[in-house]
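This briefing goes through one protein chain by topic. Please read it alongside the sequence and structure shown here.

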Amino acid sequence: VSRQLKEEIRRGFAGLEDPLAGLLAMLENSSDWKGKGHSLGYYITTELQLWIKEHPAVPQSGIQLKNLQARVLGILSQCPANLLDPLISIYQLHAADRNYLLEHVSHLYLKGNYKEAAVLSMKLKLQPDQDVEKMCTPLLLQDKANVVEDYVGEYPELQRKLLQILDTWCEPSFNIRDITRPYQGLSRYKPEKFNRRMLSKLVFRLLDRFNVDPALCPNVINQRHLRTLNYLFYKRFVEKTMTEENWADHVQSTVGDSPWLQGQLVQLLLRHCGGHGAARWARHWGLPADLLPPGLAQQLPEPHSQERIEETTKADNYEDSKKKDYYQLPIPQENIHFLQTREEMLQCWEKVLQPGQVVGIDMEWKPSFGTVGKPRVALLQIALRDQVFLLDLPRLLQQAEVEGEKEELPRFIQMLYSDPAITKLGYGMSGDLSSLAATCSALKDTEKQQHSVVDLLTVDKQVDGLSPEHSHEERGVRQQEKGLSLLVQHVLGKPLDKTEQLSNWEKRPLRKEQILYAASDAYCLLEIYERLCKDPESFGLSSDLRESLVRKRSIKPMAKKQLNKQEALSPSGQQCQGAKVEACRAPAALSPREFSVVCDNMLQGLGRYLRCLGVDVRMLENEDDHRKAAEIARQEGRVILTSGLPYQTLQSQVGEGRCFSVNCSEKAKEQALQVLKHFNIQVSLSDIFSRCQ
């Protein structure tokens, strides 16, 4: 606002006998302030708010103030958000009679102005005196979950009440029409958005945001565990990519002591294993006999010795076939060191922190299967040319806490990542470092401090002929290779054996297969890097690969900087204003083939459009939980494209710059242009339709 206008406004206040009544009369007799943006009415109101602070004798009290409060309440429901706080402050509504305020809000509610009633309640902090179910139900029916979240945001007791209500609605026998029936004529009602899946997602988002114990919501938790069980049975009996031991371990930890889940497990066992197998597993896990059909409970208390011999023979044959089909660790097993003590860790540091060294780094954690919170690293692998160190991170951190040396391990890890004289190799390192920060808060800034880091995921995007369609089906490998396994196959000739990927990495002791898998994941990075540096041209890479990698590494911090500006300036975030422009300059250009994304399920149109432009795109299905995007992003090093509320949840689960919020109200083409501009993706004619069959 110009100084001249401010002075004119203030002269006007000084000339009024009653500035508060004068402002109200102006607002009641004009309408320019009702629109979005900063209207003249907005500037006059905010100037009065400042002027009153300088003239403390102006505010009124008694009957006159009550009359003004009654009048201002009449226009608050029409006010844009930016006028609410100034008017509430000027007319001292926080000090007004609480019953009168509640009555006014109730009147708004009965007129069907549910959002306005909730927003005004939040501004006046009336929530503790209101019925949370009554206030929130119509908002959820109108797909305004963000307003509901804010409504309970400052009140833990209301958060718990709301979560219990939502969980009751998710109970399998609950008739959801009982909720919707009273609101049949509701304006902006979106019945297709109001279902158990939507409610379940909301519950998990609230549990995560407010850090509430998931045990408060047994119905939702059980339903998610049931989806996990179905997934585990699919991996074991349909896809056949999970070992029996991993499968049994995850099934047991998923079901726990829940009688309902035990009953569901028995039904799945009967369907996939038959009565004979179901009885055997039921006895193995100690499930109640009355869950089995009559007559089955007594069958086969444990596997017969002959079955064990057959399984051992099958396992031996499987090991032989793996040596033929998959990448094999070229160092002897005695050179793999599993570290659980401070003394072992210090010996490891001496060997690792050597100038000029090249090290491969990887991390493992227990699969989350959609549970609340970030995964915590259970194993940190560091590979040197002649040996691999596997750090039992939970044990080492716990031991350091007891011995009063809790800064020692984080300090070593920070020294390793920040030392410019040591080259660190990884694959999708941003996701690893995000999980590392969740495991140990002292490591939250590691990604910002790293030097001489080579993320082979960026090389992956440049390697010629690298796509899932080229996986070696003639080898008899059941699944198409992807991610690091595909890169290993293309550069070293054989893919990684990912059978142990979904292991329970928190369980001790680790099995031999897990140890070999973990060591191979880190060591193969050394061999890939060496091979690519020796002969980059044969893979379609720059002749000076090291220089190329240094250039590529500069891309990511720039993108992160730009995204930080996005978060600070606007929710949809493409703004760079005034003096910020220099800080927001574009990152180095990338081609579409170097850029890979995972699109949230509300952005499938954007995903298809980007794929037509040659971008490597994965899309969530309609029924997928938003958190699956974070899992894919971490595993495959993709950037998440999402919109609205899920952005807040997802961006906290991946590294900085790895999650971007798209304007959902725009068409796919405009969204695509927004993404291309933000990440500086340069599309050429040869990129168009390059991924289409």
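**Briefing on the predicted model**

Phe689 is placed in the segment after α30 (668–679), where helices (H or I, at least four residues) and strands (E, at least two) are DSSP runs numbered from the N terminus. The model is predicted: local features need pLDDT of at least 70 and side-chain atom pairs count only at pLDDT 80 or more, while totals for chains, interfaces and linings use all residues. Residues are numbered from 1 along each chain as its sequence is written, and side-chain values use heavy atoms, with hydrogens and water left out.

**Backbone features**

- Phe689 has a positive phi, near 60°, in a residue other than glycine.
- At 53% relative accessibility, Phe689 counts as exposed; buried means under 20% relative accessible area, exposed over 50%, and partly exposed in between (1.4 Å probe, protein chains only).
- Asn211, in the loop between α12 and α13 (218–238), also has a positive phi, near 55°, and is not a glycine.
- Asn211 is exposed, with a relative accessible area of 71%.
- The peptide bond from Arg508 to Pro509 is cis, with omega near 0°.
- Pro509 belongs to the loop between α23 (483–492) and α24 (512–534).

**Whole chain**

- The protein chain holds 30 helices and ten strands.
- Of its 693 residues, 49% are buried.
- The accessible surface is about 33300 Å², and carbon and sulfur atoms account for 49% of that surface; the areas come from the Shrake-Rupley method with a 1.4 Å probe, and for residues only the protein chains shown count as cover.
- Among contacts (heavy atoms within 4.5 Å) between residues at least 6 apart in sequence, 67% join residues at least 24 apart.

**Nonpolar cores**

- A nonpolar core is a set of buried Ala, Val, Leu, Ile, Met, Phe, Trp, Tyr and Cys residues joined through side-chain atoms within 4.5 Å.
- The largest one has 75 residues, and Leu76, Leu87, Tyr91, Leu166 and Phe194 have the most contacts inside it.
- Helix α12 (residues 196–210) gives the most to this core, contributing eight residues.
- Another core lies apart from it, with 37 residues that include Ala378, Val388, Val491 and Leu510.
- With neighbours within four places in sequence left aside, Leu87 is in contact with Leu23, Leu27, Thr45, Val72, Leu76 and Cys79.

- Strand β1 (residues 336–339) pairs with β4 in the parallel sense over four bridges; two strands pair if DSSP finds at least two bridges between them.
- Strand β3 (residues 377–383) runs antiparallel to β4, and four bridges join them.
- Phe389 in β4 stands opposite His337, and also opposite Ile382.
- β3 and β4 form a hairpin with four residues between them.
- Val453 is in strand β6 (residues 453–455) and is buried, at 5% relative accessible area.
- The C-alpha atoms of Val453 and Thr423 are separated by 5.9 Å, although the two residues are 30 apart along the chain.

**Helix α28**

- Seven of the ten residues of helix α28 (residues 627–636) are buried, and the helix is mostly covered.
- Those buried are Arg627, Ala629, Ala630, Ile632, Ala633, Arg634 and Glu636.

**Buried loop residue**

- Gln142 lies in the loop between α8 (132–141) and α9 (145–152) and counts as buried at 3% relative accessibility.
- Not counting residues up to four places away in sequence, Gln142 touches Tyr114, Leu186, Ser187, Arg188 and Lys190.

**Cavities**

- On a 1 Å grid over the protein atoms alone, a cavity is a set of points where a 1.4 Å probe fits but cannot get out, and its lining residues have an atom within 4 Å of a point.
- The largest cavity is lined by Lys201, Arg205, Asp625, His626, Arg627, Pro646, Thr649 and Leu650.
- α12 and α29 (646–651) each supply at least two residues of this lining, and the largest share, three residues, comes from α29.

Methods:
1 Å grid on protein atoms, 1.4 Å probe; cavity = no way out; pocket = protein on both sides within 12 Å on 5 of 7 lines; lining within 4 Å.
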